[in-house]
Amino acid sequence: MVTRSTLVALAALSAIGVAVAGVAMRPQARAVEPAGPDAGTALVKRADFVRSVRLAGTVEAVQATTIAAPRLAGQNQSSLVIMRLIKAGTTVKPGDPLIEFDRQEQIRNALDRKAELNDFDQQIKKRVADEAAAKASDDSTLKQAESTLEKARLELVKNEMLPKLQAEKNNLAFEEAQARLKQLQETYSLKREAAAADIRILEIRRARAEATMKQAEGNAERMLIASPLPGVAVIKTTFKNGGNMVEFMEGDEVRPGQAVVEVVNPAVMRVRARVNQTDVNDLRHGQPVRVGLDAYPDLSFSGTVDQISPIGQQSTLSPKVRSFIVLVLVNGAHPNLMPDLTASLDVELDRVTGALVVPRDAVVVEGEHAYVRVKRGGSFERQDVTLGAMNTHEVVVNGGLQEGVTVARNAAVAVR
């Protein structure tokens, strides 16, 4: 059996072990505390304070044009085949060829219509010649009828001296000559009108053939498209190969009106952004902007607010929420500054020169009062301050603090 003295000895040993373990753990706990200068402090200094608003947008070209497959005149096939296509990224000048489609079908149509046009020309000439010969024959017959009528009229003069039977024959001959002349005169006009109508029909059919020929020739000329402005060629993408988005290439079939190439002038770029209705009142034309590219964090450009949409667009989530389009002109150019890149915009709303600023997280606001924790010796003491304007990262201090002192960061969670 365990004696009372043995139990006392075991308890003493356990207490000693716990004490030794506590002593061993103390140096390890001190090791995680920050050593050297306090990394959670900031120096109060004077600087230019800028209040800005952050927007997000997409880069686009001010001068750009989209080249699409031409919509051909007349009845044509539903698709066009690309024969030649400029390489993506090529710098072009006005008049440089961008894309050429297969024009053989249009050339063949033009030649067929030209042959048809020549056939109509020959038919019209033949019909005009036939009408001229028929008119000459009818004119001769009409003259003969007029002469016959005149002779019959002269025979009527002799009726008083001729027997009654002969006089009656002369009257009948005169009436017959008169009727024949009248009939020839009426048919003469009808024949001329019919001939003119036949020639007019041929001329209309010829005009249609000529119009179709000119359409085919114009379509053949539209198969080659040149650049209307200087810039860089950007090849559009399309769905193919099982739904993958790939760039157009030579040999592809495209629909009329489908965009194939875009010419972008990289010298003048802008960013299109949406701004909510609470921030739009702070924006003005000409405000300076810092433009950053999400794909290239090291690149930044200066810019200015160029246009602000006067009419808001309704949100799909709530009819009470509106957003406005803002266009920002980008100063300068860079090979990486290309359309469709996402960009961040810091629009400068106002600037205070030589203001006393502290980090925003160094200020604690309680109701109508604000304070910071100022470092004095080895501790931090509370110091009430009067605040001015603030932005996302900094606050202007109008009173209660001097330049050059050190304040604590994250003051709201600092240990008192």
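Which ring does the charged end of Arg382 sit over? In this predicted model, the ring is that of Tyr371, with the charged end of Arg382 placed 3.9 Å from the ring centre. A further case turns up at Arg192, which lies over the face of Tyr188 at 4.6 Å from the centre of that ring. Aromatic pairs are another story: the count comes to zero.

Arg192 also shows up in the surroundings of Glu131. This glutamate belongs to helix H2, which covers residues 104-157. Setting aside residues up to four places away in sequence, Glu131 touches Lys191, Arg192 and Ala195. Glu131 counts as buried because its relative accessible area is 13%, and the cut-off for that label is under 20%.

Nonpolar side chains tend to be buried together in soluble globular proteins. Here the largest nonpolar core has 27 residues, and the members touching the most other members are Leu55, Val59, Leu283, Val291, Leu293, Leu345 and Val347. At least two core residues come from each of strands E2 (45-61), E13 (269-276), E14 (288-293), E15 (300-308), E17 (322-330) and E18 (342-359). For a look at one of those members, take Val347: once neighbours within four places in sequence are left out, its contacts are Arg51, Ser52, Val53, Leu55, Leu283, Gln287, Pro288, Val289 and Val305. There is also a second, separate core, made up of 21 residues, with Leu72, Leu80, Leu98 and Val254 among them.

Beyond residues up to four places away in sequence, Arg270 touches Thr58, Val59, Glu60, Ala61 and Val62, along with Leu327, Val328, Leu329 and Val330. One of these, Val59, is listed above among the residues of the largest core that touch the most other members.

Finally, the sheet. Four strands form an open sheet in the order E7-E6-E4-E11, and the pairing is antiparallel. Strands E7 (224-226) and E11 (253-254) stand at the edges with a single partner strand each, so one side of each has no neighbour in the sheet. Strand E4, residues 80-85, runs antiparallel to E11 and is joined to it by two bridges. Across this pairing, Val81 stands opposite Glu253 of E11.

Technical notes
Residues numbered from 1 in each chain as written. Predicted model: local features only at pLDDT ≥ 70, side-chain atom pairs only at ≥ 80, totals over all residues. Heavy atoms only, no water. Phe/Tyr/Trp six-rings, centres within 6.5 Å; stacked < 30°, edge-to-face > 60°. Lys NZ or Arg CZ within 6 Å of the ring centre and 35° of its normal. Core = buried A, V, L, I, M, F, W, Y, C linked by side-chain atoms within 4.5 Å. Buried < 20%, exposed > 50% of the residue type's maximum accessible area, 1.4 Å probe, protein only. Contact = heavy atoms within 4.5 Å. Pairing = 2+ DSSP bridges.
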